[in-house]
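Please look over the sequence and the model before reading on.

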Amino acid sequence: MAILEIKHVSKFFGGLAANSDVSFEINPGMIMGLIGPNGAGKTTLFNCITGYYPPSKGEVIFDGRRMNGLQPDKVCKLGMARTWQKVRPLAKMSVVDNVMVGALCRTNSLKLAREMAMEQVRVVRLEHRSNFLAGGLPIGERKKLEVARVLATQPKLLLLDEVMGGLNPAESEEIIQLILDIRKLGITQMVIEHDMKAIMRISDRIVVLNSGEKLAEGTPDEIVNNPEVVAAYLGSE
Amino acid sequence: MNHPGILHNRHGASPLAIIAFIAIVALLIAFPGFVESPYARHIMVLLFLSTIMGESWNIIGGYTGQYSVGHAAYFGAGAYGTLIVMNAAQFDQDKLLELKDLAQDSHLSALLLSAHYLHPWTGVLVGMLAALTLSLIIGSICFRLRGPYFVLASIAVAEIVRISVLNLSDLTQGAEGILISDLPPIIIGGRTITDFSTKVPFYYIGLGLVLLTILVTWLVQNSKLGYFFQAIREDQDAAHSLGISLTFYKNSALAISAVLTSLAGSFYAIYIKFIDPTTVLSLDLSVQIVLISIIGGIGTIYGPVVGALVLVPLSEILRSNYLGESLVNSGLVNPDSAVGNFLTENLSHAHVLIYGILVVLVILFMPEGVLGFIRKIMAKKRLGRS
């Protein structure tokens, strides 16, 4: 059974359709890539799925449960967590405290939360920074912190919004390894990414959005060879 | 590469800090024993009052980042709750005594008598309950708003409360205010205190409340609540996405803060023995409450203490014109010159202006408050040494 079903989701802002009639499914354990040119509605779709916007039409079904109208904190508690395109560190708190905030979603004990947090800090390899203020970290480490923090909420499905944006190739490579490590933990992932090489490498399947609509869906090979996708990215004749 | 952030550790208090804390508390307990001056004791009571207000606001403003500029509403709830009930209860008790005389050998049961009995100090609880209720109402309305809009809404709601109290004169005696001549006896720690003519009982009540607010703040900081409050302050969308219910935790922070603020109001009311809407419900007071934390350093346990230590003496010195007069008396400035005249005659009238300018300077040059400023200097020294 699919862990996430998007059924005919549309989101209108006034007369503008940021998403229109998008449908697809994600199976447990897979990595789903979500790509599309700027303004295609990728982040809007994330916001609709995670409760930041209620979808104007359609349904989001997670783990057999209808998610429409649930607040983001409820969504997170049910096991769906997201990161932000523009990183949002809790600047005046230390790295481990940031991750503890995520862990405290699952426990009331600070001691246990600290242990859970340190575990995730090790997963993203930020141990050497654990007592630093989050606001002082360079961008690559902030992105990792973001991932550690959502991992600490013990998600079943992780939505990563451009975790490689603004990183140099070495840092991107680290994130790619991290995403593959997370898959080994059995966590399903949906990844928005602009770096085509990276997304083709890690995704099991890819959905392409263009002007708010689903343009194509398939394996990376199918997507690369799809003339419509090529046209959307490079412009048609 | 740049040094990424400051090394940061604050898990558990150091033994030295605990010893210092106990020593200071012991000194404060002993203080009235060796300082008899009523003025000095009065200043200490004012310091305690400011600290209680600052610590209370710090929970919603400093830790949770919701700058409420309407805390006078909760302060007023405490003050009015306390005095209204106290007046009514004392009245009842007088009546009760008459009834008791009548009831002797008659069939009026003791049970009936005790049903009439309302302890005068329950007013403090009534004030707390009123503040709690008010905070839940205000929270449910104002927390839909963010940032500056929340600030404006909090001011507006506090003004509504002030105007209501002004006009509900049957209950609150309107603009006339409420006066209380004698305080009813209170039992603290097995001892019954009946003598409120000195400042000593107020000193200890104030000290106790200061310790209570510090304890509450410490408990908040060292629990899930503290982490969630600070996460909301740093980035509420991120906090929301990490499973934190914004409505629940913002309202919790405001409720804790409001109840503690109402205690400050009750304390003020029994100390001054007179309240009216302009003193306990004004916007001035709301701003003052905010300043204590901001000047001291928001989001820290001892910030409000530092803020009170700065602001209370500053306002006393400026108001009594101690500076101007001592300059003239020391012979540095000729009292007949224009400067001397200005110092003795005009400076005291300008105390609010000078107070305002100093506050602006502190906020400009120490954006993290006095405590934050001291910490920064100490951190720099430590880095320089290593």
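## A buried aspartate at the interface

Asp235(B) is buried, at a relative accessible area of 13% (buried means under 20%, exposed over 50%, partly exposed in between; 1.4 Å probe, protein chains only). Its side chain meets that of Arg88(A) in a salt bridge, with 2.8 Å from N to O. A salt bridge here is a side-chain nitrogen of Lys or Arg within 4 Å of a carboxyl oxygen of Asp or Glu. The pair crosses between chains: Arg88(A) is in the loop between strand 6 (80-82) and helix 3 (95-103) of chain A, and Asp235(B) is in the loop between helix 9 and helix 10 of chain B. Helices (H or I, at least four residues) and strands (E, at least two) are DSSP runs numbered from the N terminus.

Arg88(A) and Asp235(B) also belong to a network of salt bridges with Arg146(B) and Asp237(B).

## Basis of the values

The model is predicted: local features need pLDDT of at least 70 and side-chain atom pairs pLDDT 80 or more, while totals for chains, interfaces and linings use all residues. Residues are numbered from 1 along each chain as its sequence is written, chains are lettered from A and ligands numbered from 1 in the order in which they are written, and side-chain values use heavy atoms, without hydrogens and water.

## The interface of chains A and B

In chain B, 27 residues are in contact with 34 residues of chain A (heavy atoms within 4.5 Å). The buried area is about 2,800 Å², with 62% from carbon and sulfur atoms; this is the accessible area (1.4 Å probe) that the two parts lose on being put together, summed over both.

Two salt bridges are counted between the chains. On the side of chain B that touches chain A, helix 9 (224-234) and helix 10 (236-241) are the elements that give two or more residues. Helix 9 of chain B supplies the largest share, seven residues.

## Salt bridges within a chain

Over all chains, the whole structure has 17 salt bridges. One of them joins Glu146(A) and Arg149(A), whose closest N and O atoms are 3.4 Å apart. Both residues lie in helix 5 (residues 139-151) of chain A, three residues apart, about one turn of the helix. Glu146(A) is buried at 3% relative accessibility, and Arg149(A) is buried at 2%.

In chain B, Arg162(B) and Glu159(B) form a salt bridge at 3.0 Å, N to O. These two residues are three apart in helix 6 (residues 147-167) of chain B, so about one helical turn separates them. Glu159(B) is partly exposed, at 23% relative accessibility.
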